[in-house]
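Subject: Structure handover

Hello,

Here is the structure I said I would pass on. My notes on it follow below.

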Amino acid sequence: MEGQPEPLVHLGILRKPKNRAFLQPEFFPSKAGGAPAWLMKEKIPEVKCKKCSGEMTFLLQVYAPLDDYDHAFHRSLYCFGCLRPPCMRSKQEFTVLRGQLPLKNKYYSEEPPEIPKKKENKPPALVQGQLREMEMIIETEDKETTGIYLKETLRLSKQANPQNDDQSDTELDELTIAKGNMKHEKELLKKFEEEETELDDKDRIMKNEESKLLEELLDKQKKVDPVYRLFSAISQKSPRQVLRYAGHTDASPLWYSKENRITTVPKCKTCGEKLRFELQIMPQLFAIYTELINVEWATVAVFTCPKSCQGANEDEYLEEFCFIQYAEHEEPKQALPTEDKKKKNKRKKKKKKPIEEEVISEEKNEENEEKKRSLLRKK
């Protein structure tokens, strides 16, 4: 529908590259694994872990230009992690770099690049420590899910800190996430509800049908952390999402649990502006790659300079702020079996074995009978 505002959240989905030529820097790709497609090819930085000084593993990059700033006409964010066990939970094992260029620059033409005539499907040889290369496609999260996200975030924030609505903006010098500065969320929710009134009856029925799954998921697991329940419900709506991109809309991250959330976000080290949430990496990424199966990151929220300010040089990579929420939530565990239960379980296992042998012996008997019949027919 024309005239509608841009959706709040975009989702990053990984797939096998259909044409690896499009993962080259001149096509400004979003991708995971392999080697970074550096925006400034002559200014490749060394990305070292702040704790062990070892080389970090490139995880993903997302192309995220900002229309409001000419100097960020081309803009990419690069995410790296240190996978060494001693560095886990050090809060220093993750790094995000930002690279940007104006339209007119020494690296790329102002005209769009030509579409490659030949497909390149052969994967590049992986250097030790690299993840396999995958293409990231960007999809828009449906408005129903976004609407539930806004409403539930607002509700959970009020439960956590009911008096927060009485606080003035001047009292919140830093962006408060855990306690909840929900002014912008309220504005976004209002816009969303106004837009919903424009839907005709047919569209509204379809939207209601789509929302049933999420509503059911939100009603389940009453004893589980409500923040985790929301995270689970939103994630399951699009289970392949490895990245959630909110841009600078003042939305809050979709936290994994109520524990270990950020309370204050620092200001930009270069210009002093208050940083804003831009994107977060989802745990689905860690499940896709076997190399990441042992990481303890539940989600990683990335906060960037809203002005996307420049460094001393135009083609300089700048580090942005990220917050790691570690996986501390545990599903309810069943009670350990007592000695009597253990004995019963053993007896049950012993009973299963003869049944399996019996089935196998019956199958063998049938095979033997069939062989005998075939021999008789030949005679």
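Strands β10 and β11 run antiparallel and are joined by five bridges. Strands here are DSSP runs of E with at least two residues, helices are runs of H or I with at least four, and both are numbered from the N terminus. Two strands count as paired if DSSP finds at least two bridges between them.

Before the rest, two notes on the source. This is a predicted model, in which local features need pLDDT of at least 70 and side-chain atom pairs count only at pLDDT 80 or more, while totals for chains, interfaces and linings use all residues. Residues are numbered from 1 along each chain as its sequence is written, and side-chain values use heavy atoms, with hydrogens and water left out.

The paired strands

β11 (residues 297-304) is mostly covered, with eight of its eight residues buried; buried means under 20% relative accessible area, exposed over 50%, and partly exposed in between (1.4 Å probe, protein chains only). β11 also pairs with β12 (residues 318-326), in the antiparallel sense, over six bridges. There, Thr299 has Gln325 in β12 as its bridge partner.

On β10 (residues 276-281), three bridges make an antiparallel pairing with β8. Gln280 of β10 is the bridge partner of Arg244. β8 (residues 241-245) has five of its five residues buried, so it is largely enclosed by the rest of the structure. β8 pairs as well with β1 (residues 10-15), antiparallel over four bridges, and His10 stands opposite Tyr245 in β8.

Helix α4

α4 covers residues 226-237, and its end C-alpha atoms are 17 Å apart, which agrees with the 16 Å that its 12 residues should span at 1.5 Å a residue. That expected span is 1.5 Å times one less than the number of residues. Nine of the 12 residues are buried, so α4 is largely enclosed by the rest of the structure; among them are Tyr228, Leu230 and Phe231. At the N-terminal end, Asp225 caps α4 through a side-chain oxygen 2.9 Å from the backbone nitrogen of Val227.

Gln100

Gln100 is in β5 (residues 94-101) and is buried, at a relative accessible area of 3%. The Gln100 side chain makes polar contacts with the side chains of Arg98 at 2.9 Å and Ser308 at 2.4 Å. A polar contact is a pair of N or O atoms within 3.5 Å; within protein, one must be able to donate a hydrogen and the other to accept it, and residues adjacent in sequence count only if both atoms are side-chain atoms.

Regards
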